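Morning, everyone. I have one structure to go through, and I will keep it short. Please have a look at it first.

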Amino acid sequence: MSNQGQVDATGRNARGGFTNRRVFMLAAIGSAVGLGNIWRFPYVAYENGGGAFLIPYLVALLVAGLPFLLLDYGIGHRYRGSAPLSFRRLGGASAETLGWWQVGICAVIAIYYAVIIAWAVRYTFFSLDQSWGDAPDEFLFGDFLQVADPGIGLDFVAGVFWPLLVVWLVVVAVMVAGVQKGIGRLSVVFIPLLVAAFLVLVGRSLFLPGAGAGLDALFTPNWGALTDAGVWAAAFGQIFFSLSIGFGIMITYASYVGRRTDMTGSGLVVGLANSSFELLAGIGVFAALGFMAQASGVALDDVATEGLGLAFVAFPVIISEAPAGAVIGVLFFASLVIAGLTSLVSVIEVVISAVRDKLDLSRATASLAVGVPAAAASILLFATTTGVPLLDTADYYINRFGILVVAVVSTVVVTWVYRDLDPIRDHLNTYGSVRLGSWWVVLVGVVTPVALTYVLIEELRAVLAEPYSGYPGWLLNGIGWGSAALVLVLALVLARLPWRASVDLSAPSQEVTR
Amino acid sequence: MSTAAVVMMIVAMLVVWGGLALAVVHVSRAGRDEPDEVHRDL
């Protein structure tokens, strides 16, 4: 079904959108606040100077994170389209490649990100009777995931298959419901719920014995760390990955916002809300780790960890040993599910929006055309005994050599090839409550790409120094480098395919007619 | 907790959470939002 004939006040095909700014901001916060806020930030801060990390972190937020977020908002809001359509309108057919590159990255992320949410769903229930027993590590990789040697097989794990299917059914239903009725309503309900659940979790963690030692470890400043370039790179990396910037999400969401909306003020709220949640997560996680260290009679350094190890190994230990641990478990894993779900819908929306724009499809058709194959790929690749190494490898490489690279390339190209920063700044300033000066152009066009290039080089050095996680070469080259390269090749091809004649590829007029 | 850790925790809370509160107040006062309107998800 085509959208032809249904045009908005600007004469363009109506795409749907968020009802108001509050819904948009909640959706954007829902996208930014994801698993990384809960399981990555606390450890990165702890490892990189503790309390002193606050300084590079805030600097990175102010000089790169927020400016880049506003660039994404500016592109989406000015050009009123999905990432490919926005870039097409910005710079023509060659710029469109950048949009499809971002779409490809989102497609890869979506199919593995859903799996982690499925795990968290199971662990929410495992928390009730502490199904992991005395050995959470063995339970996770043995009993639950049944991890086999790296490979690609079709030995399905029922305990992952069914929750993953449910996750995808929910996601597809949300996407079919639409931008406002699906994503908007999901965010309006679940983001306040997430904050409430985490506040209760933090409150409970703070009263566990040993919590003070955990917070001491997190916040004691190591000022010497500030002279370490690696600490600054970690801060820029954390801000960049945490804010959901540079890979199409914020472009897509901004295209669904009314023309007179204050995008700069909204960006400030979204960026600081994301950091606020990270800080809250840091307090909750390290209070709990302090308890774990004391209960186990070991140093905090021995229990401090991140990622899957933190969520699915360390937290089960805490849940088993803490009084009323089941409550902590349900709150923690339900928070992971909510944070993950509101991020996943934003990631898959990048793909749906792009397909919908390019082929001029209806909302439901595009959602099914993207959601069903994505769900199938997700289940076939990751609900199996060989899913974990694939997931781990794809996640590591697509984040570093997908998102980081496209972010650097897009800032450089938009600034120096298409010279579009000034028009975007003028657009944002038209209704923005925070006025952007020439400083913003310098931050986006020079500081951000330089900082991200440094982070990228550090990552490249690390991955070339030793094979990631000791995985075999075929896995790292085929799935890791392969997925990062494949999305770029596909982008080059897709950008050359014709648009439906009904899609207007010219830049929208800046006049606001409603 | 050591004094340094307590100070840094309070500073972090004031800067990040205080910054968010100020940003919310600022955006609310700017009040340039469009009136509520029902968008159809076409």
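At what angle do helix 6 and helix 16 of chain A pack, and how far apart are their axes? This is a predicted model, and in it helix 6, residues 93–129, and helix 16, residues 325–359, pack at an angle of about 160°. Their axes are 8 Å apart. Angles over 145 degrees count as roughly antiparallel, so helix 6 of chain A is roughly antiparallel to helix 16 of chain A. The crossing of helix 6 with helix 16 in chain A is left-handed. As for what sits in that contact, there are 26 nonpolar residues, 6 polar ones and no charged ones.

Now the other chain. Chain B has 42 residues, and 29% of them are buried. Its secondary structure is 1 helix and 0 strands.

Where the chains meet, chain A gives 39 residues and chain B gives 29 residues. On the chain A side, helix 4 (54–79), helix 9 (179–206), helix 10 (211–219) and helix 13 (263–296) each supply at least two residues. Helix 13 of chain A has the largest share, with 9 residues. Sorted by class, the side of chain A that touches chain B holds 13 nonpolar, 19 polar and 7 charged residues.

Last, confidence. The model scores ipTM 0.89 and pTM 0.93. Chain B averages a pLDDT of 82, with 74% of the residues at 70 or above. Which stretch of chain B stays under 50 in pLDDT? That is residues 35–42 of chain B, and the model has 23 contacts beyond four places in sequence for them.

That is what I have.

Note on methods: Residues numbered from 1 in each chain as written. Chains lettered and ligands numbered in written order. Predicted model: local features only at pLDDT ≥ 70, side-chain atom pairs only at ≥ 80, totals over all residues. Helix = DSSP H or I, 4+ residues; strand = E, 2+ residues; numbered from the N terminus. Buried ≥ 20, exposed ≤ 12 C-beta atoms within 10 Å, placed from the backbone. Contact = placed C-beta atoms within 7 Å. Nonpolar A, V, L, I, M, F, W, Y, C, P; charged D, E, K, R; others polar. pLDDT = per-residue confidence, 0-100. Axes fitted to C-alpha atoms, helices over the stretch in contact; angles between N-to-C directions. Parallel < 35°, antiparallel > 145°, perpendicular 65-115°, else oblique. Left-handed = near helix turned anticlockwise from the far one by under 90°.
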